[in-house]
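Here is a short briefing on one protein chain. It covers the core, the charged pairs and a few individual residues.

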Amino acid sequence: MKIQERTGAGAGRSAAPAGPSVGERLPTPPRERKPALAALAVLLVLVGALGATMLVLQAGDRIEVVKITEEIPAGQAVNDSNTTSVMVAEDPGINYVKWSQLDALKKLKAVTTIPGGVVAVGEMFGEEAKVPEGKALVGLSLKEGQYPAGLKSGATVAAYRVGGTSRSGSGDDADGGSAGSSGSSGGDSVIVDRAVVDYVQDAKGDDLVSSTNLPVTLLVDDAQAAALTQAATNGEVALVLVPGN
């Protein structure tokens, strides 16, 4: 009798449904795959890597060249104060002047006026300045009062003969009016009505320490060069700024 009761009790327990074990997770559905997004991510990574590579390659092709910091008139040379070095991308089609060539460049002259702020190229320099056909460069040495204050390269001026004697001579003294008229036309006449200042010495230049004269170079027509040179030799030239500057 005791054996049967135990058997029945065990049978009753085995018949009851087994519950889930503690901590067991319920099954989840499989995640949806998105191959397009994965491909886009890979593409972005490749583009970023390529861009970084190009930047490195470009940095490796940059060279140090000469840059003009101040205007250099035609016929003048570069120096340490009007140049600096900059890095540019190397280009076989551009004749850059490398910074290592600065000493050699100082021995050459600007063939035309070079503005400040540009990178120097070989075509800007030569053994001497190039003067346009039909033009001439005339040098002047002017005293204070013979030139306007703040005169700069590129300015348009008129050149007057001043302080000279009358072309009519002393024979016209008997006629005071005639002498005065001749003196005005001969002593204070226009030599060049329009000329371009090709070069003017900086007022801070060392050349002015021992001299009060201002070196100026004018670009004039060939036909006016002789008269202007003669007046300049006698110190009889004064410059006046004219419209057009």
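**Charged pairs and core**

K135 counts as partly exposed, at 33% relative accessibility. The model is a predicted one. K135 pairs with D221 in a salt bridge, at 2.6 Å from N to O. This pair ties distant parts of the chain, with D221 in strand β8 and K135 in strand β5, 86 residues apart. D221 is partly exposed too, with a relative accessible area of 33%.

**Other salt bridges**

- The structure holds four salt bridges.
- Side chains of opposite charge can pair when their charged atoms come close.
- E236 forms a salt bridge with R161, and the closest N and O atoms are 3.7 Å apart.
- That pair also links distant parts of the chain: E236 sits in the loop between α5 and β9, R161 in strand β6, and 75 residues separate them.
- E236 and R161 are both buried.
- K106 forms a salt bridge with D103, where the closest N and O atoms are 3.9 Å apart.
- K106 is partly exposed, with a relative accessible area of 28%.
- D103 counts as exposed because its relative accessibility is 55%, and the cut-off for exposed is over 50%.
- D80, D103 and K106 are linked in a network of salt bridges.

**The largest nonpolar core**

- In soluble globular proteins, nonpolar side chains tend to be buried together.
- The largest nonpolar core has 22 residues.
- Which members touch the most other members? They are L140, V216, L218, L228, V237 and L239.
- Six elements are listed as giving two or more residues to this core: β5 (135–142), β6 (156–161), β7 (190–200), β8 (214–221), α5 (222–233) and β9 (237–241).
- β7 gives the most to this core, with five residues.
- Apart from this core lies another, of 17 residues, among them V65, V78, V88 and M124.
- Beyond four places in sequence, L218 touches A136, L137, V138, L140, V157, A195, V196, V197, D198, L228 and L239.

**T217 in strand β8**

- T217 is placed in strand β8.
- Is T217 buried or exposed? T217 counts as buried, because its relative accessibility is 18% and the cut-off for buried is under 20%.
- Leaving aside neighbours within four places in sequence, T217 is in contact with L137, V138, G139, V196, V197, D198 and Y199.

- N213 has its place in the loop between β7 and β8.
- N213 is partly exposed, with a relative accessible area of 22%.
- Which side chain does the side chain of N213 meet in a polar contact? The partner is the side chain of S141, at 3.0 Å.
- N213 and K143 are 70 residues apart along the chain, yet their C-alpha atoms are separated by 4.7 Å.

- Q146 is found in the loop between β5 and β6.
- Q146 is buried, because its relative accessible area is 12% and buried means under 20%.
- The side chain of Q146 reaches the backbone oxygen of V237 at 3.4 Å.
- Not counting residues up to four places away in sequence, Q146 touches S141, G235, V237, A238 and L239.

**A227 in helix α5**

- A227 lies in helix α5.
- A227 is partly exposed, with a relative accessible area of 31%.
- Which residues does A227 touch, not counting those up to four places away in sequence? A227 touches R161 and I191.
- The C-alpha atoms of A227 and I191 are separated by 6.8 Å, although the two residues are 36 residues apart along the chain.
- R161, a contact of A227, is also the salt-bridge partner of E236.

Technical notes: Residues numbered from 1 in each chain as written. Predicted model: local features only at pLDDT ≥ 70, side-chain atom pairs only at ≥ 80, totals over all residues. Heavy atoms only, no water. Core = buried A, V, L, I, M, F, W, Y, C linked by side-chain atoms within 4.5 Å. Buried < 20%, exposed > 50% of the residue type's maximum accessible area, 1.4 Å probe, protein only. Helix = DSSP H or I, 4+ residues; strand = E, 2+ residues; numbered from the N terminus. Contact = heavy atoms within 4.5 Å. Polar contact = N/O pair within 3.5 Å; in protein donor to acceptor, adjacent residues only side chain to side chain. Salt bridge = Lys/Arg side-chain N within 4 Å of Asp/Glu carboxyl O.
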